[in-house]
Amino acid sequence: MKLIINRYNPENDQAPYEQFFEVDDALIQPDTMLLEVLQMVREQDPSLGFRSSCQEGVCGSDGMNVNGKNHLSCITPVTSLKQPIVIKPLPGLPIIKDLIIDMKLFYQQYQDVKPFLQATPLNPSQEHLQTPKERAKLDGSYECILCGCCSTSCPSFWWNPDQFSGPAALLAASRFVIDSRDIKHIERLKELDSPTKTFRCRHIQNCTDACPKGLNPSRAIQELKSIMVKES
């Protein structure tokens with residue numbers, strides 16, 4: 001199996017470069033994931049940098065660009081990939097080392113949309129109740145694992161990561177705007193009603209195509225815009 005991996009160590013390199021690696025095909029099984037192959041590569045070159053943790057597609061730490069599309073390496077079968085497999089860091093954010101990016105701006109955008117429930121003061125004797133219909137509206141908006149595959153596949157985020165909230169943050173914002181228990185509905189919409197924060201989305205749907213959890217941030221952003229227009 002042949003791989004071309006982007007390498008970059010800002011302490012030693014002036015610019016990113018590509019390095020060719022080869023893994024014995026005898027080590028590859030039908031269910032071998034890309035992360036396992038990267039671990040084999042790191043046995044050849046211990047200096048290769050990449051993140052991983054749960055290895056089950058839950059923690060979202062191992063997002064990377066593979067053959068031009070963002071993936072989680074731990075749930076991407078290598079047999080599904082065309083060779084040579086070209087692996088790069090998620091695009092649009094600074095590279096810390098090799099396949100490791102600095103996600104500070106991504107997390108800042110997420111934090112800025114206040115991704116938590118703002119409800120009436122809790123009465124210990126009664127929960128914040130919802131009808132089954134109200135609860136069902138939240139499906140598809142709370143399962144995000146913050147891997148960054150969606151936002152870093154978005155050209156609007158590449159160009160303005162400090163201004164455009166990005167698909168992941170807007171998906172989270174939508175989740176609380178439509179939550180029947182949240183009492184900051186109007187304030188949330190006012191904060192998001194901006195040409196840069198929300199309306200810079202052009203709905204090219206790269207985010208939805210890249211989401212490893214099968215979520216649809218593009219549709220959530222469209223619905224968010226629609227709510228803003230109706231209630232403005």
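This is a predicted model: local features need pLDDT of at least 70, side-chain atom pairs count only at pLDDT 80 or more; totals for chains, interfaces and linings use all residues.

Reader: Where is Lys 114 found?

Author: Lys 114 has a positive phi of about 55°, although it is not a glycine. Most residues other than glycine have a negative phi. As for its place in the chain, Lys 114 belongs to the loop between helix H2 (104-112) and helix H3 (132-136).

Reader: Is Asn 67 buried, exposed or partly exposed?

Author: Asn 67 also belongs to a loop, the one between strand S3 (63-66) and strand S4. Its phi is near 50°, a positive value in a residue other than glycine. Buried means under 20% relative accessible area and exposed means over 50%. The relative accessible area of Asn 67 is 33%, so Asn 67 is partly exposed.

Reader: Is the peptide bond from Gln 83 to Pro 84 cis or trans?

Author: Most peptide bonds are trans. Pro 84 lies in the loop between strand S4 (69-72) and strand S5 (85-88). With omega near -5°, the bond from Gln 83 to Pro 84 is cis.

Reader: How many helices and strands does the protein chain have?

Author: The C-alpha trace spans about 60 × 35 × 30 Å along its principal axes. Of the 232 residues of the protein chain, 44% count as buried. The elements of the protein chain are 8 helices and 7 strands.

Reader: Which element gives the largest share of the lining of the largest pocket?

Author: About 240 Å³ of space lies in the largest pocket. Of the 14 residues that line it, the closest to its centre are Lys 137, Asp 139, Ser 141, Arg 219 and Glu 223. Two elements give two or more residues to this lining, namely helix H5 (167-177) and helix H8 (217-231). The largest share, 3 residues, comes from H8.

Reader: How do the residues of the lining of the largest pocket divide into nonpolar, polar and charged?

Author: Among the residues closest to the centre of the largest pocket are Lys 137, Asp 139 and Ser 141. Taken over the lining of the largest pocket, the division is 5 nonpolar, 5 polar and 4 charged.

Reader: Which element supplies the largest share of the lining of the second largest pocket?

Author: The second largest pocket has a volume of about 160 Å³. Of its 13 lining residues, the closest to the centre are Asp 112, Val 113, Glu 191, Leu 192 and Lys 197. By class, this lining has 4 nonpolar, 3 polar and 6 charged residues. H2, H5 and helix H6 (185-192) each supply at least two residues, and the largest share, 3 residues, comes from H6.

Reader: Is the crossing of H5 and H8 left-handed or right-handed?

Author: H5 and H8 both give two or more residues to the lining of the largest pocket. Their axes come within 9 Å. The crossing of these helices is left-handed.

Notes: Residues are numbered from 1 along each chain as its sequence is written. Side-chain values use heavy atoms; hydrogens and water are left out. Helices (H or I, at least four residues) and strands (E, at least two) are DSSP runs, numbered from the N terminus. Buried means under 20% relative accessible area, exposed over 50%, partly exposed in between (1.4 Å probe, protein chains only). On a 1 Å grid over the protein atoms alone, a cavity is a set of points where a 1.4 Å probe fits but cannot get out, and a pocket is an open set with protein on both sides within 12 Å along at least five of seven lines; lining residues have an atom within 4 Å of a point. Grid points are joined across faces, edges and corners, and a volume is the space filled by probe spheres set on the points. Ala, Val, Leu, Ile, Met, Phe, Trp, Tyr, Cys and Pro count as nonpolar, Asp, Glu, Lys and Arg as charged, and the others, Gly among them, as polar. Axes are lines fitted to C-alpha atoms, for helices over the stretch in contact, and angles run from 0 to 180 degrees between N-to-C directions. A crossing is left-handed if the near helix is turned anticlockwise from the far one by less than a right angle, and right-handed if clockwise.
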